[in-house]
Amino acid sequence: MTGVNLPRPPRPFDGRIERLITDAKSSPLRPERAPKGAPNIVLIMLDDVGFGSFGTFGGPVPTPALDAVAAAGLRYNQFHTTALCSPTRAALLTGRNHHAVHMGGIPEGANSFPGYDSVIPRSSASVAEILRQNGWATGCFGKWHLTPTWEQGPAGPFDRWPTGMGFEKFYGIINAEASQWEPPVYDQTVPVFPYRGRPDYHLTEDLVDQSIIWLERLRATAPERPYFLYLPTPAVHTPHHAPKAWIDRFAGQFDQGWDALREQIFQRQLAMGVIPSGTRLTPRPDEIPSWADYPDRFKPVARRLMEVFAGFLAHTDHHIGRLLQFIEASGEADNTLVIYITGDNGASAEGTVNGAWAAPSFQNGLPEDPEWLLAHIDDFGSAACENHFNVGWAWALDAPFQWMKQVASHFGGTRNAMALSWPSAISAGGELRTQFHHVIDIAPTILAAAGLEAPTSVNGVEQAPMDGVPMNYSFDQATAPSARTTQYFEILGNRAIYHQGWMASCFHGRVPWLRFMSVDFDGPQERWELYNLADDFSQSEDLAALFPERLAELLAVFDTEARRNGVYPLRDPARRSDPGLSVPSALGAVRSVTYTTAHVRIPETVVVNLKNCSYRIAADIEIRAAPARGVIACQGGNMAGWSIYLDEAGIPHFLYNYFGRELTFLAGPAPLIEGRHHLELRFAYDGGLGAGGELSLDIDGETVSRARLERTVPVVFSMSGETFDVGMDTGAPVGPYPHVFECTARILGVTLERMSELSAADREDLGRREFRASLSSQ
């Protein structure tokens, strides 16, 4: 099939056409079908999970679904990701390096250089598109996070949504993270609210339910069509949300702290043989406090945060197991290739040294108050907060490696456990594979299993060669040398190069939990290290001083790979605000827009920005039956945002929610009577970044309430998909009212108008903060 172009040209009609059908000769219509005996493919990937998390690889959390895949197939202990969310996903689906497909970072942190603009080129068709055009049914259920920010609104374009990149069915979230209790779910490109009226709703359970429903419908209507099911769970990215019963299973199991947990994981890994004997456990960085030095007063908070995470991971694996059990019960498991990747990067240390109660607070660069965490410990895991565990737990769960998510220079950021099974093709059930592989190798592996070669043209666009190599040789060759001999790594200046068994690594110097820290390239904090991986599985012994010529050779290889893939220019977050690095804005220079009830689930990036400026919000409504109730307009969620609403008595309110901690209310004097009304909220800004100002609420031309805001949200209301809505509140409620809380008044229009702009200095500061805030949404 070398040189194949997709879609294939129509087969010529080989019948005979005459004037009358009685004289003509028909010919069967032959739709595109997959090769005979083609396998089903299930690709599963979790979010923010370290190598040492799953019980299958020595971790503290029992994971029977991954156990089952490993028992029926193979475990891989030298499989790698990019160290970051969107880059890993882009590489996974295209089989190309992340910079080569323009995803050197996440969409929220894009700049205008090709390696970082977040616009996946049409010359890099996804494996889903290739399979779809060869007869597979294709479905994506979960987290996408590959769409440029300016294309995430309801106007599209939808080319880089899942349905535009090869998936016939999409059900999930388009953004980086989500509340598991009140997620911003899309069915195809239409927002839906599956949690409405379901107090026991959980996103992971819903995604698996929808996956099974899709398979049931497929088998009832196209019983012979193979499928490609991609399940990239938003779990276990922050917020760590899980049912309390699952969390409580782990009560008391982490009282010994993160140092002891890391040692226990390491010893289990050695005993299980998932790491080689002789592997050394790398030491704790100075930047992470020891458990002994951590304040006793806040240890109950840290313990509970880890219990929540463990419950979240166990709950996720359990529901993945439901999907695998369904496939087994369907009788199709033997010819189904299941690839279970435990994470898109290492464990996340973005929750700060003390942990976090509200994701938006640390995403805006505000330190968490451990006293607040202690006072709200019962909120952890619930819809009342967006909790994240401490840095120390992330380090422990990445045992035996150095560092964690974002740090692409070391395996704590890039080494992710993986297992796969395919009973009809893999007979070596339960074995371990040690070949060095990378996430770019998954797409070629799928194509090889499907009996397909990568096309030279897709939809009229010539295709760039895939960078990945198939892993299929390893299915029955345990000791075969790795087909991958070279692989570069780079994320946020952390960089490394693997070449012929050696690894050169350079930690750029910014720790993942300090978002507003700026460091220079080639500065004194940077030092290239050298490791011989054949003898040093965990990167524990730096050999740079002993083998300077070998290090120089690897640095030359890195430079070649960096230039070939578009890694340069290396970027520092401090330069995010330079005009030359800007990416498109959906609104351009527009400062005022009038919205209607057609505007629901509008992402923050495509709405008039009311942060760091004076502004007004004006609403024209008509009350036909008093008292009217419900949300007129809102933005954000229960962790940060604002809302104009009518309470149950019909009294108008404006609420400003500062990170779920400070709620400022303005209210009218009485319920609104029937008829038309004009409500106008004005904010006179003090100036600066995240500063305060004066609020006033007018009703029908008369000022009825005033209040002062001492501070405001500077960068982002939500990375969890909380949006702008007119006529309802679609996510976690901004204010003290029920879910959705649809407005019973007729809404004629809601105008948002930005009244002032930042100074040049403040714009530069904001640019830095925006980029660094995005680091936590990967």
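Which residue in β9 is the bridge partner of Cys140? Hold that thought for a moment, everyone.

First, what we are looking at. This is a predicted model, so local features need pLDDT of at least 70 and side-chain atom pairs count only at pLDDT 80 or more, while totals for chains, interfaces and linings use all residues. Residues are numbered from 1 along each chain as its sequence is written, and side-chain values use heavy atoms, with hydrogens and water left out. The pLDDT is the predictor's confidence in each residue, from 0 to 100. Here the chain averages 94, and 96% of the residues score at least 70. Over residues 768–773, though, pLDDT stays under 50.

Now the sheet. Helices (H or I, at least four residues) and strands (E, at least two) are DSSP runs, numbered from the N terminus. Two strands pair if DSSP finds at least two bridges between them. Our open sheet has 10 strands with mixed pairing, in the order β8-β7-β6-β5-β9-β2-β10-β11-β3-β12. At the edges, β8 (190–191) and β12 (431–433) each pair on one side only. Strands β5 (residues 137–143) and β9 (residues 227–232) run parallel, joined by four bridges. And back to my opening: Cys140 has Tyr230 as its bridge partner in β9. Helix α4 (residues 203–221) packs on this sheet, touching β2 (40–45), β5, β6 (169–173) and β9. Touching means contact, that is, heavy atoms within 4.5 Å.

Next, helix against helix. Axes are lines fitted to C-alpha atoms, for helices over the stretch in contact, and angles run from 0 to 180 degrees between N-to-C directions. The axes of α4 and α7 come within 9 Å and cross at roughly 10°. These two helices are therefore roughly parallel to each other (angles under 35 degrees count as roughly parallel, over 145 as roughly antiparallel, 65 to 115 as roughly perpendicular and the rest as oblique). Among the residues that meet are Val208 and Leu215 in α4, and Ile320 and Phe326 in α7.

Helix α1 (residues 64–72) also comes within 7 Å of α7 (residues 299–329), axis to axis, crossing at roughly 50°. That makes α1 oblique to α7.

Last, charges. A salt bridge is a side-chain nitrogen of Lys or Arg within 4 Å of a carboxyl oxygen of Asp or Glu. By this rule we count 44 salt bridges. One of them joins Lys405 and Glu350, at 3.2 Å from N to O. Lys405 lies in the loop between α10 (391–397) and α11 (411–414) and Glu350 in the loop between β10 (336–341) and α8 (359–363), so the pair ties together parts 55 residues apart in sequence.
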